[in-house]
Amino acid sequence: SGHETPVFFGSALANFGVRMLLERFADLAPAPAAQPVACGDDRPVEAPFSGLVFKVQANMDPRHRDRVAFIRVNSGRFDRGMTATLARTGRPFQLKYAHQLFAQDRNTVDSAMPGDIVGVVNAAGLQVGDTLYDGPAVRFPPIPTFAPERFALVRNRDTGRYKQFRAGLQQLDEEGVVHVLHRPEFGHQEPVLAGVGQLQFEVAEHRMANEFGCAVSLAPAPWSLARRVDPADADRLRGPRGV
């Protein structure tokens, strides 16, 4: 009811207190419940299968260059190998390679119930915010994103790896690690990374070098916020300095 707040102390690095935290969290957390959908109704847990993609990450296993889409089961029953409908495209999507991940451990998932998290491997067609469903059509609201407050110009340090440069930035943008923005006058030559904290830039720089084989350099940019404007007003905003 919010009158007390449990506080746990431990160390993930030393594996001290981790199990206590997880077990107590399972006791305290609310049970899976009906989830609101985009049309304003709720999707009850006993309805046919539906799930929301809340995270996508590539290269979790460097040996296989895989891409894992994490799906929270919101209703019904997930069965490995089932075919669901991808709400964004209306097309069928087969969920063949399903894992449950805990740290670096992976186990094959044969079935999952509401509240469970399933990692679908090599799901190239899935994006953050996608809804998958079986039976009556449903679409869950998009996952909100924070408005950027920090910006950096990103440059490719090896012009011979332009393909890797573009592919890496596209992947990081799709995962939501950073926002990748482009200025019309520069096109794709000097993209702008946008985020809410410096750590996002450090993660992006590290992953570009180690996962995509493309070293980049970052330079601070003078902007402090990003806002959408009407296309008709865009030209008026290109004149003032610092905009």
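Select helix 2. This helix has 14 residues, and 20 Å separate its first C-alpha from its last, close to the 20 Å expected at 1.5 Å a residue. Keep in mind throughout that you are looking at a predicted model.

**Stop 1**

Now look down the axis of helix 2.

Then step past the end of the helix. Glycine 176 follows helix 2, and its phi is positive, near 85°.

**Stop 1: glutamate 175**

Go back to glutamate 175, which is found in helix 2. Is glutamate 175 buried or exposed? Its relative accessibility is 11%, under the 20% cut-off, so glutamate 175 counts as buried. Show its surroundings. Leaving aside neighbours within four places in sequence, glutamate 175 is in contact with Val56, Gln57, Ala58, Val128 and Arg207.

Pick the C-alpha atoms of glutamate 175 and arginine 227. These residues are 52 apart in sequence, and their C-alpha atoms are 21 Å apart in space.

**Stop 2: helix 3**

Select residues 198-211, which form helix 3. Its 14 residues should span 20 Å at 1.5 Å a residue, and its end C-alpha atoms are 20 Å apart, which agrees. Which residues of helix 3 are buried? They are Gln200, Phe201, Ala204, Arg207, Met208 and Glu211.

What do they pack against? Show strand 3 (50-58), strand 13 (150-156), helix 2 (162-175), strand 15 (192-195) and strand 16 (216-220): the buried residues of helix 3 pack against these elements. Just after helix 3, glycine 213 takes a positive phi of about 65°.

**Stop 3: the nonpolar cores**

Next, look for the largest nonpolar core, which has 20 residues. Select Phe49, Phe78, Leu95, Val118, Leu126 and Leu132, the ones that touch the most other members. Strand 3, strand 4 (67-75), strand 6 (83-86) and strand 11 (117-121) each supply at least two residues of this core. Strand 4 gives the most, with three residues.

Zoom in on phenylalanine 78. Not counting residues up to four places away in sequence, phenylalanine 78 touches Phe49, Val73, Leu95, Ala98, Val109, Asp110, Ser111, Ala112 and Val118. Now find the second, separate core of 15 residues, which includes Val178, Val180, Ala204 and Cys214. You have met Ala204 already, among the buried residues of helix 3.

**Stop 4: the largest pocket**

The largest pocket holds about 1,200 Å³ of space. Which of its 26 lining residues are the closest to its centre? Select Leu181, His182, Leu225, Ala226 and Arg227. Strand 14 (179-181) and helix 4 (234-237) each supply at least two residues of the lining.

**Stop 5: phenylalanine 146**

Find phenylalanine 146 in the loop between strand 12 (131-133) and strand 13. Phenylalanine 146 is exposed, with a relative accessible area of 67%. Leaving aside neighbours within four places in sequence, phenylalanine 146 is in contact with His179 and Val196. Phenylalanine 146 and valine 196 lie 50 residues apart along the chain, yet 7.3 Å separates their C-alpha atoms.

**Stop 6: asparagine 15**

Move to the segment before helix 1 (18-28), the place of asparagine 15. Most residues other than glycine have a negative phi. Asparagine 15 has a positive phi, near 55°. Asparagine 15 is also exposed, with a relative accessible area of 60%.

**Last stop: the whole chain**

Zoom out. The chain has four helices and 16 strands. Its C-alpha trace spans about 55 × 45 × 45 Å along its principal axes. Of its 243 residues, 33% count as buried. Among contacts between residues at least 6 apart in sequence, 66% join residues at least 24 apart.

Notes. Residues numbered from 1 in each chain as written. Predicted model: local features only at pLDDT ≥ 70, side-chain atom pairs only at ≥ 80, totals over all residues. Heavy atoms only, no water. Expected span 1.5 Å × (residues − 1). Buried < 20%, exposed > 50% of the residue type's maximum accessible area, 1.4 Å probe, protein only. Contact = heavy atoms within 4.5 Å. Core = buried A, V, L, I, M, F, W, Y, C linked by side-chain atoms within 4.5 Å. 1 Å grid on protein atoms, 1.4 Å probe; cavity = no way out; pocket = protein on both sides within 12 Å on 5 of 7 lines; lining within 4 Å. Points joined across faces, edges and corners; volume = space filled by probe spheres on them.
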